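Please read them alongside the sequence and the coordinates.

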Amino acid sequence: MAISKASFFVFLLSLILTSGIYHAQLGQAAGAFIINMSIGSTAERNWSLVNTGDVPLGYKIILPEFTPVPNATAPIVTAVPMNGTIPAHTSVTIKVIINLPYLNNKAGIRWDSVIGSVAQPLNFTQGTGGAQIQGGVGKEIVIRAQPPTIPPLELAAVVIAAVAVIGGAIYYYKFKFLPKYNSKESKAARAKAAKEKAKEKLSKMEAKLKVERSKLLAQARAIKGSRGTTASQRKTGVKKSKSKAKGGRTSRGRSARKK
Amino acid sequence: MNFKTTIVNAGIIAVIAAMMLSVTFSITGLSFSANSGSTNVVATVNVQTTCVLAVSNTAVNFLTVNPGASTGVVNAVADTNNGNVGAYIWISGSNWIGANIAINFFVTNTIYSNALSSEGAGFLFNSVGLATGNTGILVSTAGTNNLFFGVNIPVGQTANAYTQNIVINNVC
């Protein structure tokens with residue numbers, strides 16, 4: 001009798017659970033997300049989920065897994081919120097955020113997958129064996145990569161920065177640098193500096209000339225010394241006159257030859 | 001002089017009369033509008049095209065199967081679309097996990113078909129994958145379509161109780 005009561009209770013419970021699942025129905029607005037995206041950009045889409053049943057329905061988002069494309073980086077998809085509860089006969093909006101990374105992607109690549117949402121009845125229990133079935137709806141996401149573009153905001157920021165830098169430079173040159181540069185003090189200082197520089201240069205040149213002069217003098221002295229002695233004289237230590245050494249082309253020599 | 005005065009007086013009277021007349025008209029117009037009870041309110045509503053999914057069961061028990069044997073594609077899950085537009089069934093699954101997670105086998109051993117069949121292993125049934133895939137099975141508006149599941153147990157698979165998640169999505 002006790003067993004039959006227990007089995008009846010189990011039957012009743014399963015009936016309640018089944019009826020709950022049957023009435024909890026998850027739906028969505030039709031139509032795929034077909035997005036032409038610039039490489040490196042982010043897009044947002046609203047995804048409407050509806051509970052057509054008579055009882056509140058829990059849901060969980062299953063993010064898409066894109067089939068890998070060789071030498072390319074798959075889009076990154078996130079959803080907000082990732083789970084929640086939809087009251088009976090009510091719809092919620094899920095924000096789907098898609099980012100197409102700049103790295104490795106080229107224009108013309110096509111990505112295709114499905115973002116899913118599965119119903120999780122509030123009385124959901126995990127099975128102990130076999131396959132657990134999770135039913136829901138899915139939204140196809142098709143992404144076509146377009147050439148990258150500089151977002152208008154960033155472009156504006158770059159232009160503003162460039163204008164600011166150039167304007168600043170012109171302002172500084174015209175109103176800060178030039179007046180100072182053209183002032184009497186500045187001119188005098190510059191003239192003084194130029195004078196000092198010239199002086200320094202002159203003194204350097206003088207020093208150089210001095211060195212060269214002393215070198216030349218030393219050379220001259222050396223040449224003079226070498227002309228005044230012969231090898232034999234250097235040996236004996238006796239000095240001969242130039243004329244004798246060259247064969248007696250002196251006045252005495254000439255008179256002797258006449259005789 | 002008298003004649004002129006008469007003309008001026010007549011003009012003044014005419015102007016005053018015209019003003020009174022206009023005031024009367026405007027008052028009449030206002031009262032007419034305020035007292036009217038036949039204002040039309042146009043109500044519009046745009047009905048969204050939707051697909052809705054309800055599955056018949058949340059679990060499939062494949063019972064006890066020998067290693068190297070198949071269950072056949074006999075376990076039905078009914079997919080009902082209560083929306084106003086047809087939807088294709090897409091499915092994905094997870095690998096089979098044993099009580100000890102060190103032992104498992106691949107999701108691709110789970111097979112499916114839209115037709116009942118006692119055959120399993122060795123036949124060209126579609127396999128469930130980790131990534132969601134289109135079954136090509138269309139569930140029409142307010143229609144129901146059965147999806148039959150089976151599992152091929154790999155040769156030499158360790159005796160254990162294994163579980164898996166199968167996700168069925170109606171895509172529209």
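1. Which residues form a nonpolar patch on the surface? Tyr172(A), Tyr173(A), Phe177(A) and Tyr181(A) do, with about 440 Å² of accessible area together. Patch members have over 30% relative accessible area and no salt bridge, and nonpolar side chains are joined within 5 Å. Phe177(A) belongs to helix H2 of chain A, residues 152-182, and is partly exposed at a relative accessible area of 35%.

2. This is a predicted model, in which local features need pLDDT of at least 70 and side-chain atom pairs count only at pLDDT 80 or more, while totals for chains, interfaces and linings use all residues. Residues are numbered from 1 along each chain as its sequence is written, chains are lettered from A in the order in which they are written, and side-chain values use heavy atoms, with hydrogens and water left out.

3. Over all chains there is one disulfide, a pair of cysteine sulfur atoms within 2.5 Å. The partners are Cys51(B) and Cys172(B), with sulfur atoms 2.1 Å apart. Cys51(B) sits in strand E1 of chain B and Cys172(B) in the segment after strand E11 (162-171), so the pair links distant parts of the chain, 121 residues apart. The torsion about the S-S bond is about -75°, so the disulfide is left-handed. Both Cys51(B) and Cys172(B) are buried (under 20% relative accessible area; exposed is over 50%, partly exposed in between, 1.4 Å probe, protein chains only).

4. Thr50(B) is in strand E1 of chain B, residues 50-55, and is buried at 16% relative accessible area. Leaving aside neighbours within four places in sequence, its contacts (heavy atoms within 4.5 Å) include Gln28(A), Ala29(A) and Ala30(A), as well as Cys172(B).

Definitions and conventions:
Helix = DSSP H or I, 4+ residues; strand = E, 2+ residues; numbered from the N terminus. Patch = residues over 30% accessible without salt bridge, like charges linked within 9 Å, V, L, I, M, F, W, Y side chains within 5 Å. Areas by Shrake-Rupley, 256 points an atom, 1.4 Å probe, with all protein chains shown as cover. Salt bridge = Lys/Arg side-chain N within 4 Å of Asp/Glu carboxyl O.
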